[in-house]
Amino acid sequence: MASSEILKLILITSIIFILAPISIIAYIFVYNRRKKRHIEEKAQMQLTFEAEIAKTQLEVQEQTMQTIGADLHDNIGQLLSLTSLTLNSIELDNQIKAKQKIDAAIDLTVRSIKEMRLLGKLLQGDQLVVSGLSEAIRHEISWMERSGKYEIGYIIEGEMPAVNSPDKDLILFRILQEILNNVIKHASASKINIKLEYLNEQLKFEIGDNGIGFDASDMPLEQRGMGLQNIRKRAGIIGGEVEIRSNPGKGTSVTIFIPYP
Amino acid sequence: MKIQDFITPNTIIEIVCFLIGLICLLNDKNKVWKIFPIYLFINCITELFAIYLRKHHHNNQWPYNISIIFEATFISTMFLKLFNKYFKSKLFIIGGLALLLIAYGYDIKTHDFLLFKNITNDTLNEITNDLMSALFSIYSLSYFYLLLKDERYINLKYSSDFWWVVGILFFYFGSTTLNLFRSEFKSESELPNYITLILIWIIYSCWSYSFICKKWLVAKSLS
């Protein structure tokens with residue numbers, strides 16, 4: 001090979017061998033910028049998640065307070081007013097009637113105390129989520145059954161994991177509250193079935209009723225209810241999927257699948 | 001000999017880099033960075049001494065053959081520090097150094113170059129040099145791979161480690177052509193010298209910037 005050709009070859013190879021590191025460095029910079037964006041997005045998602053958890057916590061507490069307010073007004077308030085009326089109407093001259101009224105007042109007071117105890121448990125309701133979803137669900141059910149309007153079935157299938165996820169429990173509990181609110185407001189149901197199933201690190205949470213149901217395709221978008229949209233959004237935050245099945249006259253069933261814990 | 005004889009593009013960038021290193025790394029908390037200016041000083045001395053020998057019509061390859069020992073040691077130590085952030089690299093680096101030692105032993109045997117016997121032999125320790133280029137190129141690429149795999153984000157613009165390795169990759173990977181075509185060079189051709197000069201300017205510029213980043217980062221972490 002002629003000397004000039006060799007020099008040409010050396011020059012070209014040298015340029016290539018200098019350009020190669022430039023390409024590698026350029027690629028690293030591009031990749032690093034993507035990595036930065038990814039980390040920022042992750043941090044943003046974490047913030048959104050935390051904000052949603054805080055909001056959910058607040059909503060659970062708010063719901064508890066509303067229930068307590070309503071119960072104080074409708075039940076305990078009435079019972080105490082009746083007790084007061086009964087005690088006021090006692091005529092000490094008529095001992096037999098007075099005894100009957102005192103007994104009635106005692107009975108009313110005992111009922112008030114029972115109601116107060118149930119309220120006390122309800123107040124701890126949002127705290128119960130921390131100690132386990134299943135326990136919190138039981139309390140919610142026992143409170144709802146108290147009205148006597150609903151027959152509620154609750155089944156747990158599969159061994160629940162020893163380690164729970166408080167954030168997911170809280171969101172699921174809030175979803176349950178929203179669904180039960182919808183049942184009370186719109187479904188005209190008499191039976192509610194709740195099923196919690198755990199299999200292969202996946203939790204299946206199913207809530208069904210025998211109410212009037214609805215046809216989601218016929219319903220205008222604005223009437224589909226913030227409730228259902230909220231349920232989907234909340235489940236999405238914890239990596240879950242929601243399946244809603246309903247037909248007019250055939251009740252509604254909401255199934256949530258989430259990776260757990 | 002005049003002082004101007006010692007001022008060449010090579011010595012300028014090497015002395016500048018040494019001075020920047022001295023200013024930026026003298027108070028560095030990390031020992032590996034702190035002692036790095038010693039290597040830069042040895043480099044400067046080697047270069048100046050090689051110029052002196054050339055001017056006095058002596059063979060001037062042998063100082064480089066000696067400084068290659070420091071080059072391999074200092075750069076390997078720095079890589080040891082860089083890799084230790086990701087994995088226990090002691091064996092990896094010692095293995096590399098052992099290979100270089102074997103190559104160096106072979107080179108001095110074949111060139112009959114020993115410190116007190118035929119010291120002024122004018123043959124480059126080719127195998128050591130080629131192996132070192134390949135080894136440091138692999139180290140640099142491995143470092144970049146680990147950097148890409150790392151989930152943590154590092155602002156590379158101000159990363160002293162990154163720019164130090166960039167300099168290494170440019171120099172040792174870039175000099176592969178020179179290593180490959182060494183036997184083809186004609187003494188009258190200036191092209192290899194120009195390529196070497198470009199590579200030297202790239203490595204010392206990257207290192208100087210890396211030292212500035214190091215100083216800046218230390219200042220930032222203190223504030």
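Reader: In this predicted model, is the crossing in which H4(A) passes H5(A) left-handed or right-handed?

Author: In this predicted model, helix H4 covers residues 133-145 of chain A and helix H5 covers residues 166-187 of chain A, and their axes lie 10 Å apart. Where H4(A) passes H5(A), the crossing is right-handed.

Reader: At what angle do H4 and H5 of chain A pack, and are they roughly parallel or roughly antiparallel?

Author: The two helices pack at an angle of about 20 degrees. Since angles under 35 degrees count as roughly parallel, that angle makes H4(A) and H5(A) roughly parallel.

Reader: How do H1(B) and H2(B) run relative to each other?

Author: Helix H1 of chain B, residues 9-25, and helix H2 of chain B, residues 31-55, have axes that come within 9 Å and cross at roughly 160 degrees. Angles over 145 degrees count as roughly antiparallel, and therefore H1(B) and H2(B) are roughly antiparallel.

Reader: How far apart are the end C-alpha atoms of H2(B), and what span should its 25 residues have?

Author: At 1.5 Å a residue, the 25 residues of H2(B) should span 36 Å. This agrees with the model, in which the end C-alpha atoms of H2(B) are apart by 37 Å.

Terms used:
Residues are numbered from 1 along each chain as its sequence is written. Chains are lettered from A and ligands numbered from 1 in the order in which they are written. This is a predicted model: local features need pLDDT of at least 70, side-chain atom pairs count only at pLDDT 80 or more; totals for chains, interfaces and linings use all residues. Side-chain values use heavy atoms; hydrogens and water are left out. Axes are lines fitted to C-alpha atoms, for helices over the stretch in contact, and angles run from 0 to 180 degrees between N-to-C directions. Helices (H or I, at least four residues) and strands (E, at least two) are DSSP runs, numbered from the N terminus. Angles under 35 degrees count as roughly parallel, over 145 as roughly antiparallel, 65 to 115 as roughly perpendicular and the rest as oblique. The expected span of a helix is 1.5 Å times one less than its number of residues. A crossing is left-handed if the near helix is turned anticlockwise from the far one by less than a right angle, and right-handed if clockwise.
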